[in-house]
Amino acid sequence: MTIGIIGAGSIGTALARRLAKTGIPAILSNRRGPDSLFDLVAEIGGAVRAGTRQDAAAQDLVLVAVNWPKLSAALSGLPDCGGRIVVDANNPIIAPPFQLAELHGRLSTEVFADLVPGARVVKAFNHLPAALLAADPQTAGGRRVLFLAGSNVAAKAEVGSLIERLGFHGIDLGLLTEGGRAISIPGGALAIENLIRLD
Ligand SMILES: NC(=O)c1ccc[n+]([C@@H]2O[C@H](COP(=O)([O-])OP(=O)(O)OC[C@H]3O[C@@H](n4cnc5c(N)ncnc54)[C@H](OP(=O)(O)O)[C@@H]3O)[C@@H](O)[C@H]2O)c1
């Protein structure tokens, strides 16, 4: 399976680096287009290549990591997701000046899901700083913990399997309204908790 990545900043690149280390193919995309990513993907190596956001969005599993105010533009004009798994790695923060976006009482992933009609949305890869996501997950005598949440059990199983293949320890926290809230940034009880599952 090739992983599509929309957003080639800190988080998109961190995931691409882990995918490259594991030999999993990926298409990395950004706003400016593939030409702007050739040097980066050459440096990342592995089976990661540059593509358009349409190329990335066409993959069976797509990770989206874009600044919150730019998400709508990043996901507009794409075909219906047709049941594809779309991972929401985003946090509803407007940075700078690091203000919480107006969510009108909803969870950020619920707002995100409206932007990807037809997708099976899973919340994951959002609760740690990018540098920790890029680092070797096998550390301190165990594996770094990543959380996931969502309503589609099969989609979560796929994302959980990817997390394990990347060398992390995945923990399914249940529904968005339960675990998704716990990993929400800001304010979630597990936000930015850098936990290690000891071997
Ligand atoms: N940084 C962290 O430590 C961290 C941790 C957890 C979660 N997050 C969340 O992850 C998301 C991304 O954060 P980041 O720090 O990775 O951001 P970032 O470094 O600023 O990168 C954002 C990326 O989004 C791309 N983008 C913007 N508009 C786009 C469009 N219309 N189409 C396609 N791509 C577009 C940018 O492309 P261009 O460069 O071409 O404009 C850039 O590659 C945010 O929601 C953030 O809250 C970040």
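Arg-106 sits in the loop between strand 7, residues 99-100, and helix 5. I begin there in this predicted model. If we set aside the neighbours within four places in sequence, Arg-106 is in contact with Val-111 and Asp-114. Please also find Thr-177 in the structure. Arg-106 and Thr-177 are separated by 71 residues in sequence, while their C-alpha atoms are 9.7 Å apart in space.

How many cavities of 30 Å³ or more does the structure hold? There is one, and the volume of the largest cavity is about 30 Å³. The reasoning behind such a search is simple: rolling a probe the size of a water molecule over the atoms shows where empty space is left. The lining of the largest cavity consists of Leu-107, Ser-108, Thr-109, Lys-123, Leu-176, Gly-180 and Ser-184.

Is Asp-88 buried or exposed? Asp-88 has a relative accessible area of 0%, so it counts as buried. This residue belongs to strand 5, which covers residues 85-88. The side chain of Asp-88 takes part in two polar contacts that I would like you to locate. With the side chain of Asn-90 the distance is 2.8 Å, and with the side chain of Lys-123 the distance is 3.1 Å. Beyond its neighbours within four places in sequence, Asp-88 is in contact with several residues, among them Val-64, Phe-112, Val-121 and Asn-126.

Ala-124 stands opposite Leu-148 in strand 10. Strand 10 comprises residues 142-149, and seven of its eight residues are buried. Which strands pair with strand 10, and in what sense? I shall take the partners in turn.

Strand 8, residues 120-124, pairs with strand 10 in the antiparallel sense over two bridges. Strand 9, residues 138-139, also runs antiparallel to strand 10, and two bridges join them. In this pairing, Gln-138 has Arg-143 as its bridge partner. Strand 9 and strand 10 form a hairpin with two residues between the strands, and Ala-140 in that hairpin takes a positive phi near 55°.

Strand 12, residues 196-198, is antiparallel to strand 10 as well, and this pairing has three bridges. Here the bridge partner of Arg-144 is Ile-196.

With strand 11, residues 169-172, strand 10 pairs in the parallel sense, over four bridges. Within this pairing, Leu-146 stands opposite Gly-170. From strand 10 the chain crosses through helix 7, residues 153-165, to strand 11, and this β-α-β crossover is right-handed.

As you follow these strands on the screen, please keep one general point in mind. In a regular strand the side chains alternate between the two faces of the sheet.

Terms used: Residues numbered from 1 in each chain as written. Predicted model: local features only at pLDDT ≥ 70, side-chain atom pairs only at ≥ 80, totals over all residues. Heavy atoms only, no water. Buried < 20%, exposed > 50% of the residue type's maximum accessible area, 1.4 Å probe, protein only. Polar contact = N/O pair within 3.5 Å; in protein donor to acceptor, adjacent residues only side chain to side chain. Contact = heavy atoms within 4.5 Å. Pairing = 2+ DSSP bridges. Right-handed = clockwise from strand over helix to strand, strands pointing away. 1 Å grid on protein atoms, 1.4 Å probe; cavity = no way out; pocket = protein on both sides within 12 Å on 5 of 7 lines; lining within 4 Å. Points joined across faces, edges and corners; volume = space filled by probe spheres on them.
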